[in-house]
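Have a look at the structure first.

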Amino acid sequence: MISLEEIELNKIDRDFLKNSCFDNYWLNLVLNSYNLKLKNLKIKNKNIYVIEQKIFLKKFLISLPMIYDLKIESELFDCIFENKKEINYFFIKNNIYDLIIKSDYKHNLQYPEYFKTHWLDFFINLEDDLNKIQSGFRYDLRRLLKNTHNKYEVQYVNKKDDIINYFVNYSEFYKKKGYFCYTKNFFSNIDKTINHEDAFIIMNIKDKSSNQIFGGIFFYMNKLNNKAIYLNSWMDLKVNFPTVKVLLFEMIKFLKKKNFRQLFLGRNEPNNKGLTFFKSSFNSNLQKLNYFSFRKKNYQILENKILSFLIRFFIRNIPMKAYLIINSLISKQLLKF
């Protein structure tokens, strides 16, 4: 058992990031883009770095960083479970509704009621030979890539105007699909916050005959751990071409030359069978990301098919200007999920 004095929530100075193990590029970008405060939750000398965020008048603590390689010691969870009453009292006293921890914690079967939300995450091991990587692709994907290689050109861009042009195409595509997207402020901060030419790459794909750009893909390169992360993509729906599949393969070849070790294809909910099949076709490795909720809440809203359908129907049918405004207003809230 612990006393209340052994539970603290402290503000963190930005200078802390300079001496931390965090990926400062990404973390600074997220904090600046969404105007977030970084804090340290200390429970009996166990530290977890969180953002404090109000969502619909409720205060949440959400673990950081928001992107991969978050190492949570199992002892932290054990400490939480052993001192639930004291922590709950501390949360009530400080008007904190919930603590959400995003991790790959493997022992959640002991406390399943706290791990109601999980995602599937896929990554490709780039340390193998390129031919070996490609030989692991599904047969239909290998045949498709072989039959399309003479029909397109790929360009690598990362200047300010390129980022803005990408956002225009990407946001329009996401609206058509019925999804929320990264905000314009996020893309603007890429140019302001970090050395984006080292960390971010946009790959555009052009038709060889018409020289028309009909798709693009955007990814982040973490040079601290030589891992790259697929963030999003867009494509012209009128063009009958496997845009994202081709670009992902081009990205694999590009990252191999840069000696990157892994490429993460992003997360998706378990009931999205189509996306799971797509990512699995690249012979990717699967890992589960378990989200811990102190209040035992399930934040995986896309499991509700009716709600998911209504959200997508609404997004597709509102004007573009309204979509961008609403997307910006709720973007901070979406970090909870």
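Let's start with D236, which has 24% relative accessibility and so counts as partly exposed; that label covers the range between buried (under 20% relative accessible area) and exposed (over 50%), with a 1.4 Å probe and protein chains only. Its partner is K238: the two side chains meet in a salt bridge at 3.4 Å, N to O. K238 itself is exposed, with a relative accessible area of 74%.

Before going on, a word on where this comes from. This is a predicted model, where local features need pLDDT of at least 70 and side-chain atom pairs count only at pLDDT 80 or more, while totals for chains, interfaces and linings use all residues. Residues are numbered from 1 along each chain as its sequence is written, and side-chain values use heavy atoms, with hydrogens and water left out.

**Charge pairs**

Side chains of opposite charge can pair when their charged atoms come close. The rule used here asks for a side-chain nitrogen of Lys or Arg within 4 Å of a carboxyl oxygen of Asp or Glu, and by that rule the count comes to four salt bridges. Among them are these:

| Pair | Closest N and O atoms |
|---|---|
| E52 and K39 | 3.1 Å |
| R138 and D140 | 3.7 Å |

The E52 pair links distant parts of the chain, with E52 in strand β3 (residues 46-55) and K39 in strand β2 (residues 38-43), 13 residues apart. K39 is buried, at a relative accessible area of 12%, whereas E52 is partly exposed at 23%. As for the other pair in the table, R138 is partly exposed at 39%, and D140 is partly exposed at 38%.

**The chain as a whole**

The chain has twelve helices and twelve strands. These are DSSP runs numbered from the N terminus: H or I of at least four residues for helices, E of at least two for strands. Buried residues make up 47% of the 337 residues. The accessible surface comes to about 17700 Å², and 50% of that belongs to carbon and sulfur atoms; areas come from the Shrake-Rupley method with a 1.4 Å probe, and for residues only the protein chains shown count as cover.

**One buried phenylalanine**

F260 sits in the loop between α9 (243-257) and β11 (262-268). Is F260 buried or exposed? Buried, with a relative accessible area of 4%. Beyond its neighbours within four places in sequence, F260 is in contact (heavy atoms within 4.5 Å) with residues including L126, M221, K227 and L255. K227 is 33 residues away in sequence, yet the C-alpha to C-alpha gap is 5.9 Å.

**Helix packing**

Helix α6 (residues 160-177) packs against helix α12 (residues 320-334) at about 95°, with axes 11 Å apart. Axes are lines fitted to C-alpha atoms over the stretch in contact, and angles run from 0 to 180 degrees between N-to-C directions. The two helices are therefore roughly perpendicular; that means 65 to 115 degrees, with under 35 roughly parallel, over 145 roughly antiparallel and the rest oblique.

Helices α6 and α11 pack at about 130°, with their axes 7 Å apart, and are therefore oblique to each other. Here the contact is made by K175, K176 and K177 of α6 and R312, I315, R316 and N317 of α11.

F309 is also found in α11 (residues 305-317), and F309 counts as exposed at 53% relative accessibility.
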